[in-house]
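This report describes one protein chain for a reader who has not seen it before. The sequence and the structure come first, and the description follows.

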Amino acid sequence: MGLGGDGSIAASLLRGDGTLLVDESRSVTARRLVGDALDPRVAEQDPASSELVSVVADLTAGVGSGADGAAALAIGGILVPQAATAASDAEGAAVRELVGVLDATAGVERVTRTAAGTFWRVVPAEGSVAWARLTAPGEGAEVLGSLPSDARVVDTEVPGSATAREVVLAERADPGWHAWLDGRPLRSVSTSWRQSFELGTEGGRLVVAHRPPARDGWLAVQLIVLGATVLLAVPVRRRRS
């Protein structure tokens, strides 16, 4: 989170090591365009982006609910870069003001300040920062608990429940997301912009992972090519006449 060129607040979500080269490829950035090929335009903000804008607005205004909103987006930390050495006095003052506001915001705790910038930890008043959660059915329903995850994969045991539940991810809905309970596929349900699955009342081993739709086909092609390569590499003895 930092200042834009016109003095506005600019924010972006980073996962893992941050923005990767594949995130800025033409095939990815082209998804932001709509309209005809001869008259393209940038698409309007979707609900996910709008929610991020709302959370950033609350945080920069010192509203405590901003921390809860950040936790719902699986945002565990906030970084405000230092002002550039050649920055104007006005820009440096604006950065210091932003840092002061975040220092005074409930649910945000300063961790450290380095040459890269100032870093805060998000500590929401309710619940915890979680990428995957168990909720009651329906959009905006009560959060029943968080699920452990690693590298956008859930693999854990969940107990049974007297009431139905849903698994909700802090990810845009995508056909590549799949979930299984004891090996049985779970049905995808519509919950705002988030990817969600119908868990029900049963317990068992829950697995959630992303598999691109074309992945199985490409694996089959690779296996065929590998098999042909191995066969061609096998030495053949010539028969004597």
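What share of the contacts with a separation of 6 or more in the protein chain is accounted for by residues 24 or more positions apart? The share is 58%, where contact means heavy atoms within 4.5 Å.

The model is predicted: local features need pLDDT of at least 70, side-chain atom pairs count only at pLDDT 80 or more, and totals for chains, interfaces and linings use all residues. Residues are numbered from 1 along each chain as its sequence is written, and side-chain values use heavy atoms, with hydrogens and water left out.

## The chain as a whole

The protein chain holds 5 helices and 16 strands. Both are DSSP runs numbered from the N terminus: helices are H or I runs of at least four residues, and strands are E runs of at least two. Of the 241 residues, 27% are buried. Buried stands for a relative accessible area under 20%, exposed for one over 50%, and partly exposed for values in between, with a 1.4 Å probe and protein chains only. The chain exposes about 15,800 Å², and 55% of this comes from carbon and sulfur atoms. Accessible areas come from the Shrake-Rupley method with a 1.4 Å probe; for residues, only the protein chains shown count as cover.

## Helices H2 and H3

Two packed helices are described by the angle between their axes and the distance between the axes. For helix H2 (residues 47-60) and helix H3 (residues 65-72), the angle is about 145 degrees and the axes are 8 Å apart. Here axes are lines fitted to C-alpha atoms, for helices over the stretch in contact, and angles run from 0 to 180 degrees between N-to-C directions. The crossing of H2 and H3 is left-handed, a term used if the near helix is turned anticlockwise from the far one by less than a right angle. On the H2 side, the contact is made by Val55, Asp58 and Leu59; on the H3 side, by Ser65, Gly66, Ala67, Gly69 and Ala70. By class, this contact of H2 with H3 has 4 nonpolar, 3 polar and 1 charged residues. In this count Ala, Val, Leu, Ile, Met, Phe, Trp, Tyr, Cys and Pro are nonpolar, Asp, Glu, Lys and Arg are charged, and the others, Gly among them, are polar.

H3 has Gly66, Ala67, Gly69, Ala70 and Ala71 as its buried residues. Their cover includes H2, strand S6 (108-113), S7 and strand S8 (132-135). After H3 comes Ala74, with a positive phi near 65 degrees.

## Nonpolar cores

In soluble globular proteins, nonpolar side chains tend to be buried together. A nonpolar core is a set of buried Ala, Val, Leu, Ile, Met, Phe, Trp, Tyr and Cys residues joined through side-chain atoms within 4.5 Å. The largest one in this chain has 20 residues, and Met1, Leu59, Ile78, Val80, Leu102 and Trp120 have the most contacts inside it. H2, H3, strand S5 (77-81), helix H4 (89-103) and strand S7 (117-122) each give two or more residues to this core. H2 gives the most, with 5 residues. A second, separate core has 17 residues, including Leu147, Val167, Leu169 and Ala170.

Leaving out residues up to four places away in sequence, Trp120 touches Ile78, Val80 and Leu102, among others. Thr118 lies in S7, and its contacts beyond four places in sequence include Ile78, Val80 and Val99.

## Single residues

| Residue | Relative accessible area | Class |
|---|---|---|
| Pro47 | 53% | exposed |
| Ala74 | 27% | partly exposed |
| Thr118 | 2% | buried |
| Ala151 | 68% | exposed |
| Gln195 | 2% | buried |

Pro47 lies in H2.

Gln195 belongs to strand S15 (residues 194-198). Beyond four places in sequence, Gln195 touches Val167, Leu169 and Trp177, among others.

Ala74 is in the loop between H3 and S5. Ala151 is in the loop between strand S9 (143-147) and S10, and its phi is near 55 degrees, a positive value in a residue other than glycine.

Glu157 is part of strand S10 (residues 154-158). With residues up to four places away in sequence not counted, Glu157 touches Gly204 and Arg205.
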